[in-house]
Amino acid sequence: MQKLRSVGFILVGAVAGVLISLNFQAIADRAGRAPIPYEELRAFTEVFGAVKTNYVEPVEDKKLITEAINGMLTGLDPHSAYLDQEAFKELQVGTQGQFGGLGIEVGMEDGFVKVISPIEDTPAFKAGVKPNDLIIKLDDTPVKGMTLNDAVKRMRGKPKTQITLTITRKGEAAPIVITLTRDVIRVQSVVSKMIEPGYGFVRVRAFQENTTESLVKHLDGLFKQGQLKGLVLDLRNDPGGLLHGAVAVSAAFLPQKTLVVSTDGRTEDARKKFYASPDDYARRGEDVLKALPQSVKSVPMVVLVNGGSASASEIVAGALQDHKRAKVIGTQSFGKGSVQTIMPLGNNTAIKLTTARYYTPSGRSIQALGITPDVIVEDPSDTMTRVREADLQRHLENNRAEQKKDVEKGKDPVAKPRTVPQPSPAEQKPTDFGSKEDFQLTQAIAFLKGEPVKSQAPTVAQQDPARSTTKPN
């Protein structure tokens with residue numbers, strides 16, 4: 001018992017040391033007012049001592065403490081996490097747009113790795129990995145019981161090395177086994193093309209360190225081909241990324257000093273407003289947006305979103321929608337309206353902690369609702385039921401009462417699922433965004449031209465009456 005009491009004092013000291021190292025001023029301020037949770041700390045030390053004494057195999061103190069921190073954070077919400085040295089390094093590498101791996105955005109569901117979206121032109125995309133696939137084995141190792149960080153570590157690796165994924169897919173009776181060869185994943189943040197004379201297309205795949213510079217380059221290239229009558233900004237399947245990138249992309253199309261997004265949390269640092277100003281988006285002291293032609297601010301625009309548009313992409317869509325700078329077309333976005341702050345610890349580790357919620361310029365909360373398009377247009381190839389923020393366990397609630405009332409009354413599309421016609425086998429191929437087969441894009445162009453917009457693509461039977469199985473009256 002004396003030994004256990006000693007362990008308890010050591011752990012209480014360790015907890016205090018962690019709080020000091022994190023410099024949590026808010027916690028320090030409250031410490032003088034709130035009692036220390038002795039009972040909970042005693043329970044923790046008792047569990048720690050029981051594991052150290054009775055577990056079937058010896059366990060290092062470092063592992064127990066790390067897993068305790070892990071559990072503390074993952075128990076809060078789906079986006080808070082402890083980042084060990086490798087995970088912290090991967091986070092930094094990921095924002096730079098290049099790493100060795102397979103090319104898939106992933107999350108966790110029921111203990112398995114869930115594919116959010118394969119990244120275009122990567123090994124996973126080319127092998128046919130699809131959104132909502134559940135990865136149940138990596139090589140011969142079951143995924144059940146792994147943390148997401150552990151699974152990502154196994155999937156990343158040196159180019160030209162192989163890994164075998166065993167996945168389950170809705171509609172498939174048996175698991176699918178796919179062997180992939182890792183490659184250098186270079187995520188090209190921005191791509192563009194001229195759809196037809198006078199109508200340009202810019203796609204932002206993710207918000208990274210170089211997104212602003214890349215956007216300027218692509219927009220400049222489009223405007224040099226002649227005066228644009230309309231521009232489509234494609235944010236579909238864009239999982240987000242860096243906040244200053246979202247502010248910069250919004251600022252490219254908005255007047256100077258226009259409010260882009262605000263955040264609200266418990267601490268003063270979490271309560272901020274971000275404007276279309278170099279002070280809020282320039283990271284190297286240079287305002288690269290000055291190089292854009294002035295007509296970028298006035299060209300008629302459409303923003304495309306879908307259930308894979310999250311976080312930073314929702315900030316951009318919400319800002320352009322609120323300021324009536326662009327019409328948003330597509331389907332309801334993901335709804336990740338929370339701010340994660342990276343707080344470095346010692347020894348090159350960090351915690352990713354949810355510290356605030358995002359709000360559009362008009363004060364709408366993005367959290368668990370997302371951005372509602374002005375015009376709903378379905379993607380005929382997107383037939384799977386998408387998982388959104390509101391479906392994730394322990395997700396933060398939307399804290400704006402008026403928005404919650406709208407959901408309760410059934411006014412919001414999130415509360416009213418739509419039935420999409422079952423596509424033919426020829427239509428089941430994922431949409432190549434920006435291609436002639438991109439139905440949502442064709443409707444966006446039609447909108448810019450002032451032509452009627454279709455909410456759903458006609459089925460093959462509707463396109464070819466000879467193939468219809470129904471008889472005319």
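What share of the 473 residues of the chain count as buried? The share is 45%, where buried means under 20% relative accessible area, exposed over 50%, and partly exposed in between (1.4 Å probe, protein chains only).

The model is predicted: local features need pLDDT of at least 70, side-chain atom pairs count only at pLDDT 80 or more, and totals for chains, interfaces and linings use all residues. Residues are numbered from 1 along each chain as its sequence is written, and side-chain values use heavy atoms, with hydrogens and water left out.

The chain has 14 helices and 19 strands. Helices (H or I, at least four residues) and strands (E, at least two) are DSSP runs, numbered from the N terminus. The accessible surface of the chain comes to about 25,200 Å². Carbon and sulfur atoms account for 53% of that surface. Areas come from the Shrake-Rupley method with a 1.4 Å probe; for residues, only the protein chains shown count as cover. Contacts (heavy atoms within 4.5 Å) were then sorted by sequence separation. Among those between residues at least 6 apart in sequence, 70% join residues at least 24 apart.

An open sheet of six strands was found, with mixed pairing. Its order is E10-E11-E12-E15-E16-E19. Strand E10 (190-196) and strand E19 (375-376) stand at the edges, each with a single partner strand, so one side of each is left without a neighbour in the sheet. Two strands pair if DSSP finds at least two bridges between them.

Strand E11 spans residues 199-204. E10 and E11 run antiparallel and are joined by six bridges. Val190 has Val204 in E11 as its bridge partner. The two strands form a hairpin with two residues between them. In this hairpin, Gly198 takes a positive phi near 95 degrees. E11 also runs parallel to strand E12 (residues 230-234), through five bridges. Here Phe201 is partnered by Val232 in E12.

In a regular strand the side chains alternate between the two faces of the sheet. Both faces of E11 are covered. Tyr199, Phe201 and Arg203 are buried on one side. Gly200, Val202 and Val204 are buried on the other. Six of the six residues of E11 are thus buried.

Helix H11 (residues 312-322) lies across E12, strand E15 (301-305) and strand E16 (327-330). The helix runs at about 145 degrees to E15. Axes are lines fitted to C-alpha atoms, for helices over the stretch in contact, and angles run from 0 to 180 degrees between N-to-C directions.

Two packed helices are described by the angle between their axes and the distance between the axes. Helix H9 (residues 243-253) packs with H11 at an angle of about 25 degrees, and their axes are 9 Å apart. H9 and H11 are therefore roughly parallel to each other. Angles under 35 degrees count as roughly parallel, over 145 as roughly antiparallel, 65 to 115 as roughly perpendicular and the rest as oblique. The crossing of H9 and H11 is right-handed. A crossing has this hand if the near helix is turned clockwise from the far one by less than a right angle, and is left-handed if anticlockwise. H9 contributes Leu243, Ala246, Val249, Ser250 and Phe253 to the contact. These residues meet Ala312, Ile315, Val316, Ala319 and Leu320 in H11.

Strand E13 (residues 259-265) has six of its seven residues buried, so it is largely enclosed by the rest of the structure. E13 pairs with strand E14 (residues 272-275) in the antiparallel sense over four bridges. Thr263 stands opposite Lys272 in E14. The hairpin formed by E13 and E14 has six residues between the strands. Four bridges also join E13 to E18, again antiparallel. Ser262 has Tyr359 in E18 as its bridge partner.

Two individual residues were also examined. Thr349 lies in the loop between strand E17 (338-344) and strand E18 (350-359). With a relative accessible area of 8%, Thr349 is buried. Beyond its neighbours within four places in sequence, Thr349 is in contact with Tyr82, Leu83, Asp84, Gln85, Phe88 and Pro344.

Pro278 is found in helix H10 (residues 278-281). Its relative accessibility is 25%, and Pro278 counts as partly exposed. Not counting residues up to four places away in sequence, Pro278 touches Gln256 and Asp287. Lys257 is 21 residues from Pro278 along the chain, and their C-alpha atoms are separated by 9.0 Å.
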